[in-house]
Amino acid sequence: MKKFGKTKWILGGTAFALLALAAGTYGWLRTSLPDYSGTRQVAGISGTLEIVRDARAVPHIFAATRDDGYFGLGFVHGQDRLWNLEMTRRAAHGRLAEAIGSDGLGTDKLVAALDIEAIADRTERGYSPSTRSAIRAYVAGINAALDARRGALPPEFLLTGTAPGRWEARDVSRVAGLLTLGFGDWRDELLRARLLPAIDCDALRSLFASAADVSPVTHPDAPQAPGAAADTCGAVALKPVKTAFAEPLPFGRALPASNSWAVAGTRTASGKPLLANDPHGPLTAPADYYPVRIVGADFELVGASRPGLPGLATARNRDIAWGITDVMADQTDLFVERVDPADPTQYMTPAGPRKFVTRTVTIPVKDKAPERIVLRYTAHGPVLSDIDDEAARLVREQLPPGHVVALAGVDFPGGQPIMEAFVNIAAARDWPEFERAIANFHFQHNFAFADRSGTIAMATAARIPRRGGDGFLPAPGWDARFAWTGYAYPREMPRTVNPASGFVANANNRTLNGDHLYDSTAFEPGWRAARIVQQLGTAKGADRETMRKLQLDTVSAQVGAMKPILAAMTPATADGRAALAALRRWNGDMATGRAEPLIWSAWYRAAVTALLEPRLGALAKDYLGATRPRLERLLAGEGGWCARDACRALAARALDTAVKDLRAQYGDMDTWRWGDVHRVRFKHDIFSHLPLVGAHLVASPAAPGDATTVNAGLSNLWGDDPYADVYGARYRQIVDLADPAQSLYMIAPGMSGNVLSPWFGHMAEDWAAGRYFPLTGSAAELRKDSVGALTLKPR
């Protein structure tokens with residue numbers, strides 16, 4: 001007994017010591033949280049600056065001047081999103097691998113090949129004085145936050161053994177250049193090159209967007225812009241491959257999607273416009289957006305910023321409001337270049353051989369020797385196959401010896417003036433000023449616009465190549481038919497201003513009818529757009545609540561369009577017939593409390609698998625990891641995947657299979673609920689991969705919707721967790737031009753990027769439940785319920 005008692009005390013003491021150590025470590029780590037209150041003297045502001053964080057920890061910045069406001073924006077970014085800032089800065093410098101090891105090499109090589117430094121240099125030469133001043137102020141704010149911090153660094157820095165670096169004005173231009181990594185669909189071109197040898201061109205085209213997609217267009221009354229003519233299918237002979245490929249890059253293009261619309265006063269209760277926007281993306285913790293309010297005596301900016309850039313992507317000022325969606329245009333092409341057999345330092349062009357241009361760069365790598373690479377360039381652009389594994393595999397496995405692959409569309413001889421655009425957008429007071437501002441927007445967005453005078457508009461802004469080919473597959477660089485002849489710039493893009501319909505809308509659907517300059521294979525099916533247009537077309541006396549209901553709408557237009565397919569199906573099992581009866585009665589509402597969304601999703605998953613895997617094999621994994629098939633087109637016989645009767649039989653068998661699998665996993669059908677499986681997974685780029693900890697960082701609330709609903713909740717149906725909600729509206733705004741102060745906002749999952757902060761995931765449940773908050777009030781009013789009030793005085 002005495003021995004047991006002694007052992008008990010030893011074990012108890014050890015446990016207490018471990019707990020004390022853990023508590024001490026946790027207490028020390030919590031010193032990484034920023035101080036939201038007090039008074040500090042800082043360099044870089046002209047007058048007193050007050051930052052009041054409201055009850056939700058959203059910062060309201062009260063500034064004497066606009067530049068002081070941008071300083072405050074940099075300061076709060078530095079406090080709340082330090083890890084995001086550091087990773088973005090390192091990526092823009094091409095120094096990710098220095099911090100995270102070999103996993104960062106892919107991005108660093110691309111940054112080096114794109115020569116982001118040279119793009120930044122050219123960008124800075126074109127800045128106006130006001131833009132240059134805003135950038136300097138913003139960077140000074142970030143550095144002031146770095147100087148003000150005390151205690152431990154945020155946990156990500158401790159895990160990776162890195163420290164945050166100071167920012168310089170050039171970094172903002174580098175980050176603008178970093179957007180080039182998301183340009184175009186060149187990774188889709190590589191994917192299609194892998195798929196093509198397994199199927200014919202018609203089958204391949206049926207897997208991607210085309211004019212066959214059911215879709216309203218963004219600019220129905222705009223004139224046509226002639227598109228490309230030369231077909232790239234068969235232009236380069238490609239050998240077959242049989243194995244799936246790789247993982248996406250951290251800073252690459254990833255399934256962009258969003259909704260935005262503006263409603264004219266003729267359709268609103270107030271007689272003034274309403275504007276709504278919800279940009280979509282991966283549901284990460286934290287989100288890449290950061291809501292903020294900046295207030296001065298003669299200005300106000302309220303909306304979504306992005307750490308690393310002193311601009312608000314979607315927002316309002318006192319006169320106008322704007323929102324963004326991705327155009328889904330193709331801004332790049334891949335060219336297969338033939339190396340001169342007589343001289344490997346040359347490649348063949350339509351005019352004869354030409355020398356490769358070369359540069360040598362050295363990339364530092366954590367815990368390894370630096371990597372030295374020789375970069376080659378053709379007239380089209382950098383030789384991608386020298387630095388990208390996926391492109392290198394195309395050259396190695398699918399092309400004859402003596403070829404390389406170059407990437408066109410990433411040179412930017414005039415720089416990437418996105419910050420010039422955003423600074424001018426923020427200061428615009430009406431449509432003409434706004435339209436002039438977006439002339440500098442060379443990325444690709446549709447801008448919904450509304451102002452207090454009553455104007456509404458939708459403007460497409462991008463830099464689009466005037467290509468000779470269709471951009472569908474890599475084209476031969478030595479063939480003049482596929483050559484580019486220049487670019488179309490934002491001033492040439494279509495506009496819809498004050499249409500007779502009384503509204504404008506875009507949900508990543510097609511820009512124009514027919515073949516045109518802006519066409520691509522990346523447009524989203526028009527299900528979200530169709531639902532928005534249908535609802536706005538019947539709206540009368542619309543108000544903020546009308547907009548809220550539409551942003552949260554979970555009825556899928558796709559379900560109604562596919563009812564003829566359901567009507568023709570004859571499942572063989574009793575469970576299959578019961579499930580089909582439920583789908584036939586269903587209106588397509590992807591509500592959390594219903595079984596039909598789960599049945600529908602499981603059927604979609606089974607039907608697509610049964611269609612694609614017999615012909616694509618392991619390559620189906622590559623395709624399904626990046627794209628959601630147009631099942632309604634495939635089951636209608638497009639692309640020859642199945643004949644009419646065979647399609648119906650396959651669809652019926654897929655439903656039997658899906659219901660059998662669901663019963664095995666979830667029990668009786670009457671207990672199935674979409675919300676039980678369609679739960680949000682907010683992913684942190686480091687901690688979500690840790691056992692035990694990763695699953696409990698942020699709440700995983702049940703979420704409605706799917707990939708086709710206005711309230712989007714995209715699942716990777718062919719992944720390991722097929723029904724989890726991983727992609728959707730991580731930010732929402734509804735702007736009322738009759739009463740801008742009562743406009744509504746929401747962010748998910750929280751404001752802070754520090755996992756130890758109470759403001760890291762505090763809005764996840766409210767976001768999933770469809771709640772919003774206003775961003776308004778004087779400093780004195782906000783202090784009453786604030787979580788901190790910080791005063792910065794000029795040093």
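This is a predicted model: local features need pLDDT of at least 70, side-chain atom pairs count only at pLDDT 80 or more; totals for chains, interfaces and linings use all residues.
**Nonpolar cores**

The largest nonpolar core contains 224 residues. Within this core, Trp261, Phe434, Trp600, Trp603 and Leu612 have the most contacts. Helix α20, spanning residues 596–616, supplies the largest share of the core, with twelve residues. Leaving aside residues up to four places away in sequence, Leu612 touches Leu207, Gly617, Ala620, Tyr623, Leu624, Pro629, Leu634 and Trp641. Another core, of eleven residues, lies apart from the largest one; Ala225, Ala329, Leu512 and Tyr518 are among its members. In soluble globular proteins, nonpolar side chains tend to be buried together.

**A three-stranded sheet**

Three strands form an open sheet in the order β15-β10-β19, and the pairing is mixed. Strands β15 (403–408) and β19 (475–476) are the edge strands, each pairing on one side only. Strand β10, residues 333–338, runs antiparallel to β15, and six bridges connect the two. Leu334 has Leu407 of β15 as its bridge partner.

**Thr496**

Thr496 belongs to strand β21, which covers residues 495–497. Thr496 counts as buried because its relative accessibility is 14%, and the cut-off for buried is under 20%. Not counting residues up to four places away in sequence, the contacts of Thr496 are Thr218, His219, Ile456, Ala457, Met458 and Val504. With His219, the side chain of Thr496 also makes a polar contact of 2.7 Å. Between the C-alpha atoms of Thr496 and Ala369 the separation is 55 Å; these two residues are 127 residues apart along the chain.

**Disulfides**

The whole structure holds two disulfides, listed below with their sulfur separations and S-S angles.

| Disulfide | S to S distance | Angle about the S-S bond | Handedness |
|---|---|---|---|
| Cys201 and Cys233 | 2.0 Å | -120° | left-handed |
| Cys642 and Cys647 | 1.9 Å | 100° | right-handed |

Cys201 lies in helix α11 (residues 201–206), while Cys233 is in the loop between α11 and β4 (257–263). The pair is 32 residues apart and links distant parts of the chain. With a relative accessible area of 22%, Cys201 is partly exposed, whereas Cys233, at 15%, counts as buried. The cut-off of 20% therefore falls between the values of these two cysteines. Both Cys642 and Cys647 are buried. When the bonded cysteines of the protein are numbered in sequence order, the pairing reads 1-2, 3-4.

Notes:
Residues are numbered from 1 along each chain as its sequence is written. Side-chain values use heavy atoms; hydrogens and water are left out. A nonpolar core is a set of buried Ala, Val, Leu, Ile, Met, Phe, Trp, Tyr and Cys residues joined through side-chain atoms within 4.5 Å. Buried means under 20% relative accessible area, exposed over 50%, partly exposed in between (1.4 Å probe, protein chains only). Helices (H or I, at least four residues) and strands (E, at least two) are DSSP runs, numbered from the N terminus. Contact means heavy atoms within 4.5 Å. A polar contact is a pair of N or O atoms within 3.5 Å; within protein, one must be able to donate a hydrogen and the other to accept it, and residues adjacent in sequence count only if both atoms are side-chain atoms. Two strands pair if DSSP finds at least two bridges between them. A disulfide is a pair of cysteine sulfur atoms within 2.5 Å.
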